Amino acid sequence: MTDCNSHTYLIPIMELYKQGAESKIYTILYSEQKAIVKERFSRQYRNTVLDLNIRKERTKAEAKAILRCKQGGIATPVIYSLDLNDYKIIMEFINGQTVNEYLTNMKDNRLDDNGNLKKLLLNIGAIIGNMHSLGVFHGDLTTSNIIRKDDGTLVLIDFGLSHFNPSVEDKAVDLYVLERAFISTHSYFSDLFAVITDGYKSAYKLDVQAVINQFQNVRSRGRKRLMIG
């Protein structure tokens, strides 16, 4: 990974791929291969100095989280370049389906004789358990932020809200966010979320029961908020 102070990589044409609340993602040809550029843009409602600091720190934290996970054995995109002056990261374009797309395509084939669905969900849980053991909080765990490559490898992406040394509460919230996204998007598989937590328990290297207990507490608070409205 290099820290770029020049803008030479902006010469090729960038095409907008998708846009989030705080960043735009472009596709680009980088060293003769398809890559993406993630750029954090200014939020006008924020104080200018605060805005610049947030964009810089989140860009730095995202790159650091991707690298820490990769070093810990989790598949993440390769970072080609980091530009903290313009709040940009150039990284590998991952070919494959999001797990969201993969599960959507599977919904009409609930009978899974080979156990592929269970293996997938166990693997997702294990990745999250490993990530938390490495001291990384993702912040936006959904099935759209996990890509399944053609060989079955799961790649974790979009660490834009990540931070480090998460508390037990943070880890429980990560799981809860994933559960809510999983149930709302894949209601036909909602009873299988427990398989993800089984995978988590198998991979988490610290006091896993403390996280599971707190996850139950967070879930309970979430249900109360939904009832109150």
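**View 1. Aspartate 158 in a loop of the predicted model.** With a relative accessible area of 30%, aspartate 158 is partly exposed. The residue belongs to the loop that joins β10 (154-156) to β11 (163-164).

**View 2. Glutamate 32 between β3 and β4.** The loop between β3 (23-30) and β4 (33-40) contains glutamate 32. Phi is again positive in a residue other than glycine, here near 65 degrees. Glutamate 32 has a relative accessible area of 76% and is therefore exposed, the cut-off being over 50%.

**View 3. Aromatic pairs of the model.** The count comes to six aromatic pairs. Tyrosine 188 and phenylalanine 189 form an edge-to-face pair, because their planes stand at 75 degrees, with ring centres 4.9 Å apart. Tyrosine 188 is partly exposed at 24% relative accessibility, whereas phenylalanine 189 is buried at 1%. The rings of tyrosine 200 and tyrosine 204 are stacked, since their planes lie at 15 degrees and their centres are 5.4 Å apart.

**View 4. A cluster of phenylalanine rings.** Phe182, Phe193 and Phe215 are joined into a cluster by ring pairs.

**View 5. Lysines over phenylalanine rings.** Lysine 34 places its charged end over the ring of phenylalanine 93, at 4.0 Å from the ring centre. Lysine 64 lies over the face of phenylalanine 164, 4.5 Å from the centre of that ring.

Notes. Residues numbered from 1 in each chain as written. Predicted model: local features only at pLDDT ≥ 70, side-chain atom pairs only at ≥ 80, totals over all residues. Heavy atoms only, no water. Phe/Tyr/Trp six-rings, centres within 6.5 Å; stacked < 30°, edge-to-face > 60°. Buried < 20%, exposed > 50% of the residue type's maximum accessible area, 1.4 Å probe, protein only. Lys NZ or Arg CZ within 6 Å of the ring centre and 35° of its normal. Helix = DSSP H or I, 4+ residues; strand = E, 2+ residues; numbered from the N terminus.
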